[in-house]
Amino acid sequence: MIAKGKNWFGAALTIRNPVDAQERAIVDNYADFGSITPENAMKWESTEPSRGVFTFDGADAIRDYAATQKKQIHCHNLVWHSQLPLWVSQGKFDNATLISIMYDHIKAVAGRYKGSCTRWDVVNEALNEDGTYRSSVFYDTIGESFIPLAFKFASEIDPNAKLYYNDYNLEYNNAKTDAAARIVALVKSHGVKIQGVGFQAHLTSESTPTSAAVTPDQGVLEAALKKMTVQGVNVAYTELDVRMNTPVTPAKQAAQAEAYARVVRSCMAVEKCEGITIWGITDKYSWIPGVFIGEGSALVWDENYKPKPAYFAMLKAIQESPNPRGCSADNCLRALRSTSVSGRLAESQEFCASYYTQYIVTDITLIKPYAASACGGDIVSRVSSACSCLPKATAT
Ligand code: XIL
């Protein structure tokens, strides 16, 4: 993924007691996973079970694991209606008190992991399927401004983490997708920072009792992602799994592999799609069968830790991705020639990025002549400065 210009491929992680060595060996593998998301350890019920009483053992263990393994942490999550202790959801607090409770929680949790979280899911699942706001203690008490407020608090407390809004069923490019784009606009309209929208991507490979729709085709997925990126934010698949009616058959596994590949291809095709996280490793521990009765086999390794066709299909989709930035070096040169001066910086970054990712060129001097001949001298310094802040491509 990194060699293809993305920032991570990751997995949700639960630290088991005792550790499951087979599962752990899979997550440890840096060639597969550069990021982890705590499956439950950073949620409100885990970190502040009673008011002002914080329990950080589980979340600390995640932080320590990620530090040892040099992996990013996609921190998850700060404000959510679910896995929320009753003292919050049934506390009958007034507006000002609930805002201060939200602030105290964010201060304690985001403050503790400041510097460790590459990203934070600041607000999770604030929307209904029809795009209206979900009723929750936060929305019902504070109104929609609970969302910009949460982002404001998070950005003050951890200015370096990338701040995400995260939700499910955004992948179908429908009313809920539109509403997520409106949340981005809402937060920005308050002058508050929001940098990404997480598409959870709890999908299916066939119609099931809990989802008539199957994983959309690549065009729909891309259109949904782009509804956010036109607002100037990044996107990511944050909790990918593809369930089916069980029991699994080889044909169902093949359909699942194709669905996973569609998701990966859509991310590779959208420049501002910065990464993908799958929601666990082995079907042995997947959350799906417990919540969607009669459905399962949703992950990429089976109960016996054997990689499924979906694993190889995703790998192939990554490897075959022609150019993660959506243009070849030649196209970038053409773009550089044809763009107006005011548009050149973005094009330069594209151009530069395509060299880094496609040819793994780490020396700016190799790029300069191309930029100079394409656009004249003034662009060279812009390309140089644009390139200097890009991560250097590595072989993973
Ligand atoms: C799930 C976990 O996987 C389960 O272990 C837990 O019991 C319930 O939550 N959307 C989210 C995730 O944002 O936090 C949820 O994770 C799955 C749906």
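Modeller: Let's start with arginine 134, which is buried, with a relative accessible area of 16%. Keep in mind that this is a predicted model.

Colleague: Why does arginine 134 count as buried?

Modeller: Because buried means under 20% relative accessible area, and arginine 134 comes out at 16%.

Colleague: OK, and where is arginine 134 found?

Modeller: In the loop between β4 (117–124) and α6 (137–142).

Colleague: Which residues does arginine 134 touch, leaving out those up to four places away in sequence?

Modeller: His81, Glu125, Ala126, Leu127, Asn128, Tyr139 and Tyr168.

Colleague: What joins the side chains of arginine 134 and histidine 81?

Modeller: A polar contact of 3.4 Å. Those two sit 53 residues apart along the chain, and their C-alpha atoms are separated by 9.0 Å.

Colleague: Switching to the ligand: how many residues surround it?

Modeller: There are 13, and the closest are Glu39, Lys43, His76, Glu239 and Trp279. By class, that shell has six polar, four charged and three nonpolar residues.

Colleague: What about histidine 76, how far is a polar side-chain atom there from a ligand oxygen?

Modeller: 2.7 Å. Asparagine 124 also has a polar side-chain atom 3.0 Å from an oxygen atom of the ligand. For asparagine 40, an N or O atom of the side chain is 3.0 Å from a ligand oxygen.

Colleague: And how much of the ligand's exposed area does the protein bury?

Modeller: 79% of the 420 Å² that the ligand exposes when taken alone.

Notes: Residues numbered from 1 in each chain as written. Predicted model: local features only at pLDDT ≥ 70, side-chain atom pairs only at ≥ 80, totals over all residues. Heavy atoms only, no water. Near = heavy atom within 4 Å. Polar contact = N/O pair within 3.5 Å; in protein donor to acceptor, adjacent residues only side chain to side chain. Areas by Shrake-Rupley, 256 points an atom, 1.4 Å probe, with all protein chains shown as cover. Nonpolar A, V, L, I, M, F, W, Y, C, P; charged D, E, K, R; others polar. Helix = DSSP H or I, 4+ residues; strand = E, 2+ residues; numbered from the N terminus. Buried < 20%, exposed > 50% of the residue type's maximum accessible area, 1.4 Å probe, protein only. Contact = heavy atoms within 4.5 Å.
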